[in-house]
Amino acid sequence: MTTGKKRKTTAPGQAYGYLVQVVRVLWHLLRANPGDVVAFEELGDVSRAGGSETLSEEDKSGLAHNPISDGSPSLWKTFANWVAARQDGTLPEGCKYILYVAQPYDGAWVQRLSDCESAPEADKLVRKLRKEMKSKLEQPGEDGVGEALQAQLIRLFSHSDKLIASIVTDFTLEKAESSPIEDVELELSRGVADNHVHDLTDSLLGWVKTRLMKQIKKGEPARIPYNDFRKQRLNVTQRIAGRLIAFPESQIDVTSEQIAAQFVDSTYVRQLNLLQLNNDEIEVHVNHFLRASAQRVIWSEDGFLNKTNIERYEADLVDMWKLSRSHIQRTKSEASPVVRGVEILFRCLDGRAQVESVPVPAFFLHGSFHAIANEPRIGWHPDWEGLLNAERKEGG
């Protein structure tokens, strides 16, 4: 039963703000140095630390209002937070402060603070700011905006001019030239061909987002070391630019317990049983399935595989299976169904496949076929679908 009322959804501005922060994590990783660590929601919306330098960034993504206008509560909340963090030691002396705006907004006071380059100039500017904002403290505005502004100004000016000025001297206002993502693409275009920029951006941004979400889910600090990012960037660039010659094979040890677990209720094992293979033969196939599954995760995490190229690869395998099945049906029509099924299986496993023109190891090809058979989208026995359905009905 419906009430006719519209369901409330997350505010677009809040969602956009989160996305901007993720993009800015990628931006700072692109500008980081060896040993640096870029963090999400730690010491700021985005922060970067390495060596003796710490950078704290707050991101503004005002879709409906100017977040850096002189009368914006969020602007002065940012400065009040920085000053408080500097006073309690959360942010170290010499920390750099960035206020990033995702749209080309302007603000008179924030621009003056950003342009300030010396301590004496900052002292004068803060005194002038305190004097000018005094009137806003005495005259509340409408609709609660004035009260919100007052609250942040009170927080800010509860600190000394000297402390506030120490933030100003290390503060910079940054605005998106076009959009946050286009700024990232511009940075990436300095090192790769134009036709690779979009794919590289998508891959790296997806990796950053996935990495952060996994850490947050585990309750861990959301941090990405530059060294990890650099490895990912090099791998993805190699793949996209077509410079990858071979996939690096990992040492993957499969235990007897893992193999035994696959015999319990795996569809691809049932498919192999339909071919009357013995357990020793099936164990070899299971080993390849497990190794390929683990290798796929590693290659995906390292940037060699993504959703698009793995889908193309699997589509190629399905086509290979269709051709093999047709060939065996025509050339081995007098053979028993089991013999024909075995012929189809080994004809597929003897094939060759590539991911974006890069050959894959035999175990990965074998394991990938079994993964598709496990769904199941393909089968070996000529009547695999009917036999599997019959087994399910017998099993209840």
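Colleague: Before we start, what should I know about the model and its numbering?

Modeller: Residues are numbered from 1 along each chain as its sequence is written, and side-chain values use heavy atoms, with hydrogens and water left out. Since the model is predicted, local features need pLDDT of at least 70 and side-chain atom pairs count only at pLDDT 80 or more, while totals for chains, interfaces and linings use all residues.

Colleague: Okay, what makes F79 and F171 an edge-to-face pair?

Modeller: Rings of Phe, Tyr and Trp (for Trp, the six-membered ring) pair if their centres lie within 6.5 Å; planes under 30 degrees apart are stacked, over 60 edge-to-face, and the rest tilted. The centres of F79 and F171 are 4.9 Å apart and their planes stand at 65°, so this pair is edge-to-face.

Colleague: Where in the chain do F79 and F171 sit?

Modeller: F79 is in helix α2 (residues 73-87) and F171 in strand β5 (residues 171-175), so the pair links distant parts of the chain, 92 residues apart. Those element names come from DSSP runs numbered from the N terminus: helices are H or I with at least four residues, strands are E with at least two.

Colleague: Why is F79 called buried?

Modeller: Buried means under 20% relative accessible area, exposed means over 50%, and partly exposed is in between (1.4 Å probe, protein chains only). F79 has 2% relative accessibility, so F79 counts as buried. F171 is buried as well, with a relative accessible area of 2%.

Colleague: What about F247 and F304, what kind of pair are they?

Modeller: They are edge-to-face too, at 6.1 Å centre to centre with 90° between the planes. F247 lies in the loop between α9 and α10 (256-265) and F304 in the loop between α12 (279-301) and α13 (307-331), so the pair ties together parts that are 57 residues apart in sequence.

Colleague: Now the helices. What describes the packing of α8 and α9?

Modeller: Two packed helices are described by the angle between their axes and the distance between the axes. Helix α8 (residues 194-217) and helix α9 (residues 226-240) pack at about 145°, with axes 10 Å apart. Here axes are lines fitted to C-alpha atoms, for helices over the stretch in contact, and angles run from 0 to 180 degrees between N-to-C directions.

Colleague: Which residues make the contact?

Modeller: Contact means heavy atoms within 4.5 Å. On α8, the residues include L200, L204 and W207, and on α9 they include F229, V236 and I240. By class, the contact has 6 nonpolar, 4 polar and 5 charged residues. For those classes, Ala, Val, Leu, Ile, Met, Phe, Trp, Tyr, Cys and Pro are nonpolar, Asp, Glu, Lys and Arg are charged, and the others, Gly among them, are polar.

Colleague: Is H28 buried or exposed?

Modeller: H28 is at 2% relative accessibility, so H28 counts as buried. H28 is found in helix α1 (residues 12-31). Leaving aside neighbours within four places in sequence, H28 is in contact with V38, V46, R48, L55, E57 and I98.

Colleague: And why is K77 called partly exposed?

Modeller: K77 has a relative accessible area of 41%, so K77 falls in the partly exposed class. Its place is in helix α2, and K77 touches Q152 and R155, not counting residues up to four places away in sequence.

Colleague: What makes S357 exposed, and what is its phi?

Modeller: S357 is at 62% relative accessibility, so S357 counts as exposed. S357 has a positive phi of about 70° although it is not a glycine. E356 also has a positive phi, about 50°, but at 36% E356 counts as partly exposed.
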